[in-house]
Amino acid sequence: MDRSLQDLRKTYEKGQLDENETASEPYNQFQKWFDEALKYGFFEPNAMTLATVDERGRPACRPVLIKDHDIHGIIWFSNYQSRKGQHLEHNDFAALQFYWAELERVIRVEGRVEKIDAKASDDYFNSRPLSHRIGAWASPQSHVIPGRKTIVANAARYGAEYGLHPPRPPHWGGYRLLPDYWEFWQGRPSRLHDRIAYTLTEEGQWLKQRLAP
């Protein structure tokens with residue numbers, strides 16, 4: 001066994017998480033931690049890992065960027081025909097994870113995923129830089145291509161076709177995860193980490209509980 005890997009470890013000492021001091025609603029706790037992550041100034045604090053499951057039950061994960069959030073859920077944008085899009089067509093449940101190593105914090109979110117309405121997708125698409133809008137047309141995301149020249153040629157073709165005002169591709173738009181489970185993890189010394197979970201009950205109330213690390 002690789003002793004260098006076995007000996008990699010650190011002590012977590014930057015914070016604590018007490019269930020009596022956390023918000024009664026998970027979204028409010030998320031907002032607090034997310035605001036703190038944004039203020040910290042590290043690279044892409046809005047990055048999160050999205051996990052989906054295909055029709056055979058095989059999980060897959062990849063990083064995506066949160067682009068909006070409210071009490072109803074967390075929003076990101078993608079190609080509907082991508083691998084993750086195909087997974088969500090077969091199984092509309094997914095999980096998200098935020099990991100902020102500098103703060104020794106993790107947030108996990110689980111729930112059902114839905115597409116957001118077309119106008120909201122249009123509004124966000126039109127706010128993107130022109131090169132990103134053309135890129136949404138140029139890339140058949142997750143599909144096999146002969147080489148990079150393919151997407152470069154596609155970008156040139158769609159750039160010439162649409163100029164400065166490309167419309168939103170019909171295969172591209174926003175997703176919203178509707179949470180029914182949140183978990184907040186704060187690193188602590190001796191691996192006795194703090195974990196606070198919120199579970200949505202059948203009555204529509206949030207049940208807050210401490211989990212063993």
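Is Asp 54 buried or exposed in this chain? Asp 54 counts as buried, at 7% relative accessibility, where buried stands for under 20% relative accessible area, exposed for over 50% and partly exposed for values in between, with a 1.4 Å probe and protein chains only. The model is a predicted one, in which local features need pLDDT of at least 70 and side-chain atom pairs pLDDT 80 or more, while totals for chains, interfaces and linings use all residues. Residues are numbered from 1 along each chain as its sequence is written, and side-chain values use heavy atoms, with hydrogens and water left out.

**View A. The chain as a whole.** The chain contains six helices and nine strands, taken as DSSP runs numbered from the N terminus (H or I of at least four residues for helices, E of at least two for strands). Its C-alpha trace spans about 60 × 50 × 40 Å along the principal axes, and 38% of its 213 residues count as buried. Among contacts (heavy atoms within 4.5 Å) with a separation of 6 or more, 64% are between residues 24 or more positions apart. The accessible surface, from the Shrake-Rupley method with a 1.4 Å probe, comes to about 12,600 Å², and carbon and sulfur atoms supply 52% of that area.

**View B. Arg 56 and Asp 54 meet in a salt bridge.** The N to O distance in this pair is 3.3 Å, the term salt bridge being used for a side-chain nitrogen of Lys or Arg within 4 Å of a carboxyl oxygen of Asp or Glu. While Asp 54 is buried, Arg 56 counts as exposed, at 62% relative accessibility. A search of the whole structure finds 14 salt bridges.

**View C. Glu 19 and Arg 210 form a salt bridge.** The closest N and O atoms of this pair are 2.8 Å apart.

**View D. Glu 183 and Arg 195 meet in a salt bridge.** Their side chains come to 2.7 Å, N to O. Glu 183 lies in strand β7 (residues 172–186) and Arg 195 in strand β8 (residues 194–200), so the pair ties together parts that are 12 residues apart in sequence. Glu 183 is buried, having a relative accessible area of 4%.

**View E. Helix α6 and the residue that follows.** Helix α6 (residues 148–162) has 15 residues and reaches 21 Å from its first C-alpha to its last, close to the 21 Å expected at 1.5 Å a residue, the expected span being 1.5 Å times one less than the number of residues. Just after α6, Gly 163 takes a positive phi of about 60°.

View F. Most residues other than glycine have a negative phi. Glu 104, in the loop between β5 (93–100) and β6 (105–115), has a positive phi near 55° and counts as buried, at 3% relative accessibility. Ser 142, found in the loop between α5 (130–138) and α6, likewise has a positive phi, of about 75°, but counts as exposed, at 52% relative accessibility.
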